[in-house]
Amino acid sequence: MIHAFFSWLQATSIAQAVSTRWFPVVESVHVLAIATVVGTIFIVDLRLVGLSSRSLRLTTLSSQVLPWTWRAFALALATGTLLLAANAEGYYGNAPLRIKAVLLLLAGLNMAWFQFVGRRDIARWDAGRPPVAARRSGWLSLILWTGIVACGRWAGFV
Amino acid sequence: MTIDDFSQWLSAGAASQFIQVTPGIIPALQTVHILCVAVLFAAALMVDLRILGSGLRDEPLRAVADRFIPSIWRCIPVLLATGALLIVAEPARTLTNPSFFLKLCALAAAIAVTLALQAFARGSSRVGALQVAGAFASLLLWATVIVAGRYIAYVS
C-alpha cells in the first residue's frame with residue numbers, strides 16, 4: 001500500500017517538476033531548515049544535559065528557541081516530502097531513509113515523553129540541574145538527531 | 001603547476017586513495033560537517049534574532065553574544081578539517097568549482113561580520129541600525145555558505 005502511494009506520489013506533476021528542475025533548490029532549502037532544526041534542538045539538549053547555557057532557566061531557553069525549531073521543522077518536512085516525491089519509487093527501498101523515518105518517530109516520542117512526563121516537576125529544577133531522567137532524554141535526543149542527519153546524508157549514497 | 005595538475009597529484013596520493021576506497025568515509029565526513037554547520041548556524045541565528053528583536057529577548061545582547069558566538073569559532077576548525085578532507089577525497093569536484101569559490105568568499109565575509117557583531121556586543125548591548133544590518137548580513141551570508149556548499153554537487 002505504501003509502495004502504491006509512492007508510485008502515485010512520483011507521478012504527480014509537482015514531483016515531476018522537482019525531479020526535472022527544482023531538486024537542487026528544494027534540497028538547499030531542506031539543508032538550511034535541517035541546520036536550523038538540529039542546531040536549535042542541540043542548544044536546548046545541551047542545556048538539558050548540563051553542558052551549556054546553565055545560567056539560563058530551561059523554560060526561558062526552550063520557550064524562546066523552540067518556536068524557531070518548529071517553524072524550521074515544518075519547512076524541513078515540506079521540502080523533505082518534495083525531495084522524496086521526486087524519486088519516490090527509487091527511495092522506497094532505501095534502507096537509510098527507512099531508518100531515518102524510525103529515528104524521527106523515536107525523536108518525536110522522546111520529545112512527547114519530556115513534554116508530558118519529564119517536565120511535570122520542572123518548577124523544582126528549572127534554574128538548576130535537571131533530574132537524571134530528563135538528562136537522559138536530552139542525551140537520547142542528541143544521539144537520535146545525529147543519527148537522523150547521518151541517515152539523510154547516507155541515503156544519497158545507496 | 002595548474003590547479004588541474006594539483007588536483008591530479010592530490011587524488012593520486014595515499015590519503016585521497018584511502019578515502020576513495022574506504023566505504024562510508026565520505027558520508028561520515030559530510031555528516032560531521034553538516035552537524036557542525038547546524039550548530040554554527042543555530043548559534044548565529046540566536047545572536048541575529050536577538051538583535052532583530054525576537055529569540056532570547058530577555059537577555060542582554062552581550063550575554064547572548066558571549067553565550068553563542070564562541071560556538072561559532074569552535075565549529076570552524078572542525079568544518080575546515082572535514083571540508084579539507086572532502087577536498088582531498090575529490091579535488092577535481094571542488095577546487096575549480098565556481099560554487100566552492102562563492103562559498104569561500106561568503107565564508108570570509110560571514111566571519112568578518114560575526115567578528116564585528118561580537119566586537120559591538122562586547123562594547124555595549126545597545127542595538128542600532130548597524131547591528132540590525134549586521135544581523136541581516138550574517139543570516140544571508142551563512143545561508144549562502146550552506147547553499148553554495150550544497151551546489152558544489154550541481155555546478156562544475
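This is a predicted model: local features need pLDDT of at least 70, side-chain atom pairs count only at pLDDT 80 or more; totals for chains, interfaces and linings use all residues.
Residues are numbered from 1 along each chain as its sequence is written, with chains lettered from A and ligands numbered from 1 in the order written.

Chain A first. Its secondary structure is seven helices and zero strands, where helices are DSSP runs of H or I with at least four residues, and strands are E runs of at least two, numbered from the N terminus. The C-alpha atoms fill a box of roughly 55 × 25 × 25 Å along the principal axes. Of its 158 residues, 38% count as buried, meaning 20 or more other C-beta atoms lie within 10 Å of the residue's own, with C-beta atoms placed from the backbone.

Now the interface. 23 residues of chain A are in contact with 22 of chain B; contact is C-beta atoms, placed from the backbone, within 7 Å. On the chain A side, α2(A) gives the most, with 13 residues.

Over in chain B, take α6 (98-123) and α7 (129-151): their axes come within 8 Å and cross at roughly 155°. Axes here are lines fitted to C-alpha atoms over the stretch in contact, and angles run from 0 to 180 degrees between N-to-C directions. So α6(B) and α7(B) are roughly antiparallel, the label for angles over 145 degrees. Residues making that contact include B:Leu102 and B:Phe120 of α6(B), plus B:Leu141 and B:Trp142 of α7(B).

Definitions and conventions: Angles under 35 degrees count as roughly parallel, over 145 as roughly antiparallel, 65 to 115 as roughly perpendicular and the rest as oblique. Two residues are in contact if their C-beta atoms, placed from the backbone, lie within 7 Å. A residue is buried if 20 or more other C-beta atoms lie within 10 Å of its own, exposed if 12 or fewer, and partly exposed in between; C-beta atoms are placed from the backbone.
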